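Me: I am new to this structure and would like to learn how to read its features one at a time. Could you take me through them slowly?

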Amino acid sequence: MGIIAFVLALIGFIFACIPGALTVGRILLPIAFLLSIISFFLNGKKGFSIAALIISVVGTIVGILVFFFVVASSFDEAFSDDVSAEALAQEADNAVVEEGGDSAEEGTRENPYAIGTKISSDEWDMTITDVTLDATDEVLAVDEFNEKPESGNQYMVIDVQLTYQGDEPGGSMPMSTVEYASAGGNTFDGLEDLVIAPNAQDEAETLYKGASTEGPIAIKIPSEDAESGMLAVSPDMFADKVFIQVK
């Protein structure tokens with residue numbers, strides 16, 4: 001019985017490590033555990049019984065971890081939209097790939113998209129139409145409550161255009177995100193300052209299929225090497241993040 005328990009535990013452990021075969025492991029491991037316990041009360045050597053007991057317990061723990069990994073992966077896939085990009089026609093016509101040039105995937109920090117590229121998720125199209133790296137004077141002139149940035153900082157203004165392509169009968173409000181990622185990897189999203197930009201976008205507006213909204217947002221960024229940073233954007237809450245040049 002100890003040998004049978006050991007074999008079942010070993011097979012159950014193997015299946016517990018395979019995401020698509022977890023059920024088999026969940027059946028075999030408890031059986032192996034019970035048989036190993038029973039075998040302790042029978043005559044004979046206990047080596048296989050001890051091994052079966054240990055493997056069945058460890059296999060159960062591994063099976064639980066694999067189960068949660070599968071659930072987490074499924075959850076991430078269900079609530080994460082892949083994004084696609086469509087460059088401006090003029091940029092696409094003028095694009096030249098040099099031999100030995102940057103081979104990094106487009107839209108990453110190493111190879112960001114150009115300003116004007118349309119970023120699309122399942123329900124939203126998003127385009128950064130313009131970026132003003134230093135719009136401090138314009139931002140301060142808009143509202144008296146916009147505070148002057150500390151020394152070494154400035155206000156960047158990003159013009160954003162959003163189009164809703166979803167089918168929700170009640171429409172949807174924009175849920176895009178725009179962040180500035182410095183060359184050193186620090187992120188600035190403007191949420192701490194809540195600065196009002198000139199002709200700011202109405203983020204509470206409900207849009208129906210085909211409708212668009214546009215307007216600038218303001219983010220306080222470090223002045224040093226401002227041109228070396230880039231934008232990290234997502235068309236909606238569950239879309240993947242991609243990177244766009246700032247000039």
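Reply: Of the 247 residues in the protein chain, 36% are buried, where buried means under 20% relative accessible area, exposed means over 50%, and partly exposed lies in between, with a 1.4 Å probe and protein chains only. This is a predicted model, in which local features need pLDDT of at least 70, side-chain atom pairs count only at pLDDT 80 or more, and totals for chains, interfaces and linings use all residues. Residues are numbered from 1 along each chain as its sequence is written, and side-chain values use heavy atoms, leaving out hydrogens and water.

Me: How many helices and strands does the protein chain have?

Reply: Helices (H or I, at least four residues) and strands (E, at least two) are DSSP runs, numbered from the N terminus. The protein chain here has five helices and nine strands.

Me: Where is L8 found, and which residues is L8 in contact with, leaving aside its neighbours within four places in sequence?

Reply: Contact means heavy atoms within 4.5 Å. L8 is found in helix α1, residues 2-16, and, with those neighbours left aside, L8 is in contact with L28, I31, A32 and L35.

Me: Why does L8 count as partly exposed?

Reply: L8 is partly exposed because its relative accessible area is 21%.

Me: And what about F33, in which helix does F33 lie?

Reply: F33 lies in helix α2 and, at 34% relative accessibility, also counts as partly exposed. L8 and F33 are 25 residues apart in sequence, and 9.0 Å apart in space from C-alpha to C-alpha.
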